[in-house]
Amino acid sequence: MGREGMTILGQGNDPPLSNIATEKGVCDVPRNALFSLVILACVLLWPTSALAENSEQYFTLLYTADEHSHILPHSPTLGNEGRGGFARLAGAVAQIREQKQAEGEPVILVSAGDFVGGTPFSWLSMQGHSVELSLMLAIGYDLMTLGNHEFDYGGEDLAAYLEHAGYPKKAQDTAIVATNLVPASGHPLAQVGITQTHLLPLDSGLTLGFFGLIGEHALQVTAHVEGVTFTPQHEAASAAVASLKAEGADLIVGVTHAGVEEDRALAREVPGIHLIVGGHCHTPLPEPLVEGNTIIVQSGPLLHNLGMLELALDPDTQRVRVRNTDLLLPLGADIADDPMLTESIAHYTHLLNELLGDLSGGDYHDILGPVAEMDFPLTTSDRAESTLGNFVADALRDTVEDVTGQPVAVAMQPNGLLRGPVLPYQGKVSLYDLLWPLS
């Protein structure tokens, strides 16, 4: 934190990109970092004499995406050796806020969506508990957008989830911005405080303007969107940029659940966006991309990292400068858990264990308890046969045979529904680790 300098990856005229394996398969990251560094220095940095005038306004933007109900560090059986978890996230955010407050620098925290859907904790949403959002409110997120997994149980259930977390009143604390979401007249989602744009004044005098989008690919894999429609993202973004500028925004930020390539297209097609904070394709970007005059960042999934941008904006020239070089802070064991979040998580874990007992007919009461011994990992591959896929298909076949008493010739498991590997720790696998790749 605080180190001067800037490194940016990517330009609109990059040579062919190298596709990397992701959950969605829609993210590409360019190779030519050195070339882009030189180009960006010309695009976004201005002479040292201008910096000496001290006209810049400093602020720090923290960001996450695709949290996917990973309330606990992954893997829970690894204990403090794992990465992520909401208690560590809260500890890291508190530490940064304390440091920046001492320096007189505002800190903003945002999420690019898919905060639910991915571990058994998401089951509690059907029991009237908004675990993920309640914890994010406690951490103090300023703003978030919606991803495709927020609609896993349908728009009406999403509205109920938001209401259980305290919306629309809580929108005063944590704005939910979905610019291209259009609920039908009378739909519950129209009543819970979701907004199309959001202005965030900072103590420094700057005003940040936000819009939020669900991308085209994300909509293709959204399960239940009955009663809502979505305007084309570029059309929605253009209108939002114009509106935010008219309302006096000094810097415009798009928080998108779309993937890197859609974010790059958005930056090319819609002028006036200073920064895009993205999600959906699960690509951690240790260095920012740049498309034209737009900076693009993404933290990666499952709270393995907290994204951090130390920014400087010149209100007169509207030029933005990234002040730090390492954008991803690993949420590892060296970060102390926030004690209040730890207490809340223990409460939700207790509720999950009660639900587990009901669902299993009393067979299981500890989501973190070991249920199998194994000395090898079960892995999954994008669009390919995998050991985990074969394991699940075999389990489905055996279970149907047990229930029906009839032989089963074929069982299939869609690869796209396998969210990650099953990794044993000291030869054991917990129920939580066995279930989260399928949740």
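Mentor: Start with the term. A salt bridge here is a side-chain nitrogen of Lys or Arg within 4 Å of a carboxyl oxygen of Asp or Glu. Keep in mind that the model is predicted. By the salt-bridge rule, the count comes to 13.

Now the network. Which residues does it link? Salt bridges link K100, E103, E105, E310 and R323. One of the pairs to look at is R323 with E105. Their closest N and O atoms are 3.0 Å apart. The pair links distant parts of the chain, 218 residues apart. R323 lies in the loop between strand 16 and strand 17 (328-330). E105 lies in the loop between helix 3 and strand 4.

Is this pair buried or exposed? The cut-off for buried is under 20% relative accessible area. R323 has 5%, so R323 is buried. E105 has 9%, so E105 counts as buried too.

Step back to R321. R321 forms a salt bridge with E56, with the closest N and O atoms 2.9 Å apart. This pair also links distant parts of the chain, 265 residues apart. R321 is in strand 16, while E56 is in the loop between helix 2 (48-52) and strand 3 (57-64). Both R321 and E56 are buried.

For contrast, take K170 and D173. They form a salt bridge with the closest N and O atoms 3.9 Å apart. K170 sits at 32% relative accessibility, so K170 counts as partly exposed. D173 is at 48%, so D173 is partly exposed as well.

Strand 16 (residues 319-322) runs antiparallel to strand 15 (residues 305-314), and four bridges join them. L311 has V322 of strand 16 as its bridge partner. The hairpin of these strands has four residues between them. There, Q318 takes a positive phi near 65 degrees.

Now the packing. The largest nonpolar core has 57 residues. F121, L133, I139, L146, F151, L162 and L306 have the most contacts inside it. Strand 15 is among the elements that give two or more residues to this core, and so are helix 3 (86-102) and strand 4 (107-111). Others include helix 4 (131-139), helix 5 (155-164) and helix 9 (339-359). A second, separate core has 29 residues. It includes F59, V177, L275 and V320.

L275 leads on to a sheet. L275 has I295 of strand 14 as its bridge partner. Strand 12 (residues 275-279) and strand 14 (residues 294-298) pair in the parallel sense over four bridges. They belong to an open sheet of six strands, in the order 8-9-11-12-14-13, with mixed pairing. Strand 8 and strand 13 (289-291) stand at the edges. Each has a single partner strand, so one side of each is left without a neighbour in the sheet. Neighbouring strands of this sheet are turned by 25 degrees against each other on average, direction ignored.

Helices pack on this sheet. Helix 7 (residues 233-246) touches strand 8, strand 9 and strand 11 (251-257). Its direction makes about 165 degrees with that of strand 9. Helix 8 (residues 260-269) touches strand 9, strand 11, strand 12, strand 13 and strand 14. The direction of helix 8 makes about 35 degrees with that of strand 13.

L199 stands opposite G209 in strand 9. This hairpin has five residues between the strands, and G205 takes a positive phi near 105 degrees.

Finally, the whole protein. It has 11 helices and 19 strands. Of its 439 residues, 52% count as buried. Consider contacts between residues at least 6 apart in sequence: 73% of them join residues at least 24 apart.

Technical notes
Residues numbered from 1 in each chain as written. Predicted model: local features only at pLDDT ≥ 70, side-chain atom pairs only at ≥ 80, totals over all residues. Heavy atoms only, no water. Pairing = 2+ DSSP bridges. Core = buried A, V, L, I, M, F, W, Y, C linked by side-chain atoms within 4.5 Å. Buried < 20%, exposed > 50% of the residue type's maximum accessible area, 1.4 Å probe, protein only. Axes fitted to C-alpha atoms, helices over the stretch in contact; angles between N-to-C directions. Contact = heavy atoms within 4.5 Å.
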